Amino acid sequence: KSDDADIKSPDSRGENIINSELEILTSLDLAGQVADAVGSEKILASLGGGTNRASAAVAIRSGLTVEVPRRSNIIAVRFRHPDPAIAQTVLQRLVDTYLERHTQIHQGIGVLDEFFSQQASQIRAQLSATEDELNRVRTNAQVISLEDTKRAYTVQVSRIQDDLLSAEAELAGQR
């Protein structure tokens, strides 16, 4: 059993959870997604120009300040940029992209979920086909209910045993 599959309990103050969220927020991957959404040329326009995605991601990461106030479960996020309109746009996209990424990470949305969903659908279809086949066999055998048939056979066996005991008692009486 791998440690990756284990469910971990948070520490008493939730620092592990907060630290995980900080890692997501400050990742270059997230900054790159924001650069794609906002546009590298817009982000770099007042920083010397250019259209390089990696440079825009680094600029986002460099202007980003992420803090957790002491004894708090709140994450404070600030973004500095020479153009206030770009700063506001980047910050809004950063929060939106972070929330999407958070959901993907913590709810497991991804390639494996799609694979498992397909597997579950196939298994459901196989189960349905098997149940249909079982019902067809029961109908052909004229078995209305397996439980009712079991009860009927139990009653019949009990009656035959009673008859056998009566016959043995009568035979013993005649001897």
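Reader: Why is S40 called buried?

Author: This is a predicted model, so every value here is computed from predicted coordinates. S40 has a relative accessible area of 7%. Buried means under 20%. The value of 7% falls under that cut-off, so S40 counts as buried.

Reader: Where is S40, and what does S40 touch?

Author: S40 is found in helix 3, residues 40-45. Leaving out residues up to four places away in sequence, S40 touches A35, G50, T51, N52, R53 and A56.

Reader: What makes R71 exposed?

Author: The relative accessible area of R71 is 80%. Exposed means over 50%. R71 is over that limit, so the label is exposed. R71 sits in the loop between strand 1 (64-67) and strand 2 (76-79).

Reader: Is Y98 buried or exposed, and how do you know?

Author: Y98 has 13% relative accessibility. The limit for buried is under 20%. Y98 therefore counts as buried. Its place is in helix 5.

Reader: Which residues are in contact with Y98?

Author: Leaving aside neighbours within four places in sequence, Y98 is in contact with E21, I24, L25 and L30. As for S27, its C-alpha atom and that of Y98 are separated by 9.9 Å. Those two residues are 71 residues apart along the chain.

Reader: Now the helices. What describes a packed pair?

Author: Two numbers: the angle between the axes and the distance between them.

Reader: Why are helix 2 and helix 4 called roughly perpendicular?

Author: Helix 2 (residues 28-38) and helix 4 (residues 53-63) pack at an angle of about 115°. Their axes are 8 Å apart. Angles of 65 to 115 degrees count as roughly perpendicular. The pair is therefore roughly perpendicular. The crossing of helix 2 and helix 4 is right-handed.

Reader: Which residues make that contact?

Author: Helix 2 brings L28, A31, G32, Q33, V34, A35 and D36. Helix 4 brings R53, A56, A57, V58, I60 and R61. By class, the residues of this contact divide into 8 nonpolar, 2 polar and 3 charged.

Reader: What makes up the contact of helix 2 with helix 5?

Author: D29, L30, Q33, V34, A37 and V38 come from helix 2. T89, V90, R93, L94, T97, Y98 and R101 come from helix 5. The contact has 7 nonpolar, 3 polar and 3 charged residues.

Reader: How many helices and strands does the chain have, and in what pattern?

Author: The chain has 7 helices and 2 strands. Along the sequence, the pattern is α-α-α-α-β-β-α-α-α.

Reader: What share of the chain counts as buried?

Author: Of the 175 residues, 18% count as buried. The chain exposes about 13,400 Å². Carbon and sulfur atoms supply 53% of that area.

Reader: What share of contacts comes from residues 24 or more positions apart?

Author: Among contacts with a separation of 6 or more, such residues account for 50%.

Notes: Residues numbered from 1 in each chain as written. Predicted model: local features only at pLDDT ≥ 70, side-chain atom pairs only at ≥ 80, totals over all residues. Heavy atoms only, no water. Axes fitted to C-alpha atoms, helices over the stretch in contact; angles between N-to-C directions. Helix = DSSP H or I, 4+ residues; strand = E, 2+ residues; numbered from the N terminus. Parallel < 35°, antiparallel > 145°, perpendicular 65-115°, else oblique. Left-handed = near helix turned anticlockwise from the far one by under 90°. Contact = heavy atoms within 4.5 Å. Nonpolar A, V, L, I, M, F, W, Y, C, P; charged D, E, K, R; others polar. Buried < 20%, exposed > 50% of the residue type's maximum accessible area, 1.4 Å probe, protein only. Areas by Shrake-Rupley, 256 points an atom, 1.4 Å probe, with all protein chains shown as cover.
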